[in-house]
Amino acid sequence: CEGRMNDRVSGETCWPPVLERRPPMLDLQGRNINKLRVSVSEACNMACSYCVTGIEDHQVAPDQLAMSDLLRLVELLHRHAGIEKIRITGGEPLLYRELIPFIEGLTQVGLEDIGLTSNGLLLAKSAPALASAGLKHINLSLDSLQPERFREMGRAGSLKSTLKGIDASLKAGLRLKINMVVMKGENDDELADMLEFGIKRGIEVRYLELMRMGPLYQNGDFKLVTMEEMLDQIGERFTITPAKADHDSTSKRFWVPGGYFGIIPNESAPFCSTCSRLRLTSNGKLVGCLSNPEETSIRHLLDEPNPEEKLKSLVMESVSYKQSSFTGSDLVMSKIGG
Ligand code: SAM
């Protein structure tokens, strides 16, 4: 039958069936848009100073979709718009009551690469259930290993809880990466400490350059530490060798004796030309670019009997909002799924 499920001429069923190949979604620059970040809720139990002006910014969207509807939209994006890799984010996704059934649903849809971004405060209890539901990896946001500083930068939470969450996740077999947002004068003296912490546990640390987003957009007090400055600092304790990263990776990768680390040079060398991701908000809007506040609602497709063609054109609309370089915007990361 040569790749066909059924032989159209004889009508016979071919076996083994060949799985339908989903067409990739290429944009005008030839980028394969295959990654989706889904914000399951805007609620968060921290209020990081670089993300929001205060905890009151974290309200559940009044028109937040039901879990089954959000799942259906992701399924449509997977089946008809080339999405292969999912990262669940927020807000804080561990506050989302239906997180486990949501992950189980994604697994049933056939998505194999399911990740989560979390501050880890609630991970200690939920790590085994997350792994059983099909979660593969977690990007854990951790900006400081000093308890007081952790609370200052995040305006809430306790370092102890996040550290317990890390231990529980490793025990549950989840792959971890640590994401550390670096701010001048706040935590930029901790880069080598964080790397040592990661190396001891087999966790890759990724340092994030601060982005001009949300409250930092057009803010004069922008505490950027550039990739070069980070490398200088880490180089005082470690011998650094550049390493290879995936072609569409957002991070520059380096090797030091003991392990790898990455730097995401959001400001000094943005990765727009290889950006392969879209964002879906908890109320059903696609966001194509962090530097462009244009949103494309797709929630009305839930009422369509045959939404495929409309979905494809709405995805292309959202992708067309991608800018060629990162200039920032007033979009708040916790709303659009950071
Ligand atoms: N609550 C989860 C967490 O803390 O990981 C997920 C949401 S949080 C918005 C996702 C990521 O966005 C975090 O790694 C956070 O550090 C990052 N982020 C938010 N605002 C940022 C900014 N202005 N610059 C760089 N990274 C930022």
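Helix α1 packs against helix α8 (residues 308-320) at an angle of about 85°, their axes lying 10 Å apart. Here axes are lines fitted to C-alpha atoms, for helices over the stretch in contact, and angles run from 0 to 180 degrees between N-to-C directions. Helices (H or I, at least four residues) are DSSP runs numbered from the N terminus. The angle therefore makes α1 roughly perpendicular to α8, a term that covers 65 to 115 degrees, whereas angles under 35 degrees count as roughly parallel, those over 145 as roughly antiparallel and the rest as oblique. On the α1 side, Leu 76, Leu 77 and His 80 meet Glu 308, Leu 311, Lys 312 and Val 315 of α8, where contact means heavy atoms within 4.5 Å. These residues divide into 4 nonpolar, 1 polar and 2 charged; Ala, Val, Leu, Ile, Met, Phe, Trp, Tyr, Cys and Pro count as nonpolar, Asp, Glu, Lys and Arg as charged, and the others, Gly among them, as polar.

The model is predicted: local features need pLDDT of at least 70 and side-chain atom pairs count only at pLDDT 80 or more, while totals for chains, interfaces and linings use all residues. Residues are numbered from 1 along each chain as its sequence is written, and side-chain values use heavy atoms, with hydrogens and water left out.

Helix α1 (residues 67-80) also meets helix α2 (residues 99-109), the two axes coming within 10 Å and crossing at roughly 25°. The two helices are therefore roughly parallel to each other. Met 67, Leu 70, Leu 71, Val 74, Glu 75, His 78 and Arg 79 of α1 are in contact with Pro 101, Phe 102, Gly 105, Leu 106 and Val 109 of α2. By class, this contact comprises 8 nonpolar, 2 polar and 2 charged residues.

A further helix pair is formed by α3 (residues 123-133) and α5 (residues 159-171), whose axes come within 7 Å and cross at roughly 20°. These helices, too, are therefore roughly parallel to each other. Leu 123, Ala 124 and Ala 127 in α3 touch Lys 164, Gly 165, Ala 168 and Ser 169 in α5, giving 4 nonpolar, 2 polar and 1 charged residues in the contact.

Attention now turns to the ligand. It is surrounded by 19 residues, of which Gly 91, Glu 92, Ser 141, Val 181 and Met 211 are the closest; a residue is near a molecule if one of its heavy atoms lies within 4 Å of it. A backbone N or O atom of Gly 91 is 2.9 Å from a nitrogen atom of the ligand, and a backbone N or O atom of Met 211 likewise lies 2.9 Å from a ligand nitrogen atom.

Conventions
Polar contact = N/O pair within 3.5 Å; in protein donor to acceptor, adjacent residues only side chain to side chain.
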